[in-house]
Amino acid sequence: MSFPRTLLALGAMVALVALQACDRNVTNIVSSDQPLSCADCHDPTNLITGKQTEWAESVHGTGTAYARGTEAGCAGCHSGNAFAERIAAGLTPDEVEMGDPDPTRQDCRACHMIHETYSMQDFALRTTKPVPLYAVPGATFSGGDGNLCANCHQPRRDGPVAVNGVITGISSHWGPHHGPQSAMLLGVAGAGVTGTVSPHYGAVTNTCVGCHMGEGLDHHFEPAIATCQRCHPEATDFDYHGVQTEIEALTDQLGELLLNAGLINENSPDGHPIVTSAPEDQGIALYNWLYVAHEDKSIGVHNPDYARALLQEGLTRLGATLQ
């Protein structure tokens with residue numbers, strides 16, 4: 001493919017101006033329909049290689065979860081390639097009918113329109129549309145660029161409902177499974193508790209991206225305390241106002257009760273249940289503990305009030321059944 005020299009020059013000029021305006025950070029480039037040459041992006045700078053290096057050290061870059069992408073029920077999130085195809089087709093994760101025979105990690109092409117237009121649009125996110133949480137009727141995540149993340153970081157099931165006082169269908173993979181962070185921010189998908197929206201949902205521009213990538217759009221995806229300090233200048237670590245200390249204590253307390261009740265054991269990786277059914281109170285306590293302790297993973301930071309309420313509900317229900 002070739003383009004007239006004048007268009008290539010114009011494209012390069014647009015690229016240069018845009019890159020300088022955003023401190024040479026490609027993910028902030030304003031879209032342009034002008035064609036680009038290979039050298040406009042693959043140049044001697046670290047525009048791409050710097051972000052690629054950061055990504056390669058992230059969980060998305062080093063994790064093995066992509067291997068689950070060969071299964072139809074997992075491909076839409078676990079394989080980066082299948083994710084891109086799912087978004088293009090407008091499907092929810094549970095609507096994917098085929099596994100990906102060659103799954104990829106959630107790499108550059110999973111999130112960006114790389115090599116699709118050969119213009120600045122190649123750096124655009126695949127989607128920023130609000131995301132209806134398919135397992136939680138009526139809940140929609142609308143968090144700017146963080147909407148891209150919510151397409152996968154949402155629960156695969158809502159809180160359990162007992163039939164004749166018993167919750168069934170419990171398995172080793174029970175719980176929200178496995179990335180309910182968007183639901184935690186909204187204060188939904190738990191059991192026995194009416195939640196409230198987290199301040200982090202409404203106050204942080206671009207939600208997930210705003211906290212986990214910061215102003216420099218760090219592709220490690222690890223939050224930095226310096227980012228928190230933009231809103232909480234007095235914060236010195238993530239245990240702001242002792243929230244993580246409190247949530248950890250409640251988590252440990254509820255986990256001990258679940259262990260004593262025979263719902264989990266000390267050899268259960270990631271707290272996987274060892275029962276297939278449970279009385280309603282025990283099942284709700286187990287579900288809420290899994291949600292906060294092993295699925296959300298923020299130790300309360302995403303939504304302190306909701307995390308606290310879920311654990312306290314579990315303690316109340318489980319404590320009452322064990323007296």
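A: Happy to! Helices (H or I, at least four residues) and strands (E, at least two) are DSSP runs, numbered from the N terminus. By that rule the chain has 15 helices and four strands. This is a predicted model, in which local features need pLDDT of at least 70 and side-chain atom pairs count only at pLDDT 80 or more, while totals for chains, interfaces and linings use all residues. Residues are numbered from 1 along each chain as its sequence is written, and side-chain values use heavy atoms, with hydrogens and water left out.

Now to the residue you asked about. Asp 218 sits in the loop that runs between helix H11 (207-212) and helix H12 (225-228). Its relative accessible area is 27%, and because buried means under 20%, exposed over 50% and partly exposed in between (1.4 Å probe, protein chains only), Asp 218 counts as partly exposed.

Who are its neighbours? Setting aside residues up to four places away in sequence, Asp 218 touches Glu 54, His 212 and Met 213, where contact means heavy atoms within 4.5 Å. Trp 55 is 163 residues from Asp 218 in sequence, yet their C-alpha atoms are 8.4 Å apart in space. The side chain of Asp 218 also makes a polar contact of 2.7 Å with that of His 220. A polar contact is a pair of N or O atoms within 3.5 Å; within protein, one must be able to donate a hydrogen and the other to accept it, and residues adjacent in sequence count only if both atoms are side-chain atoms.
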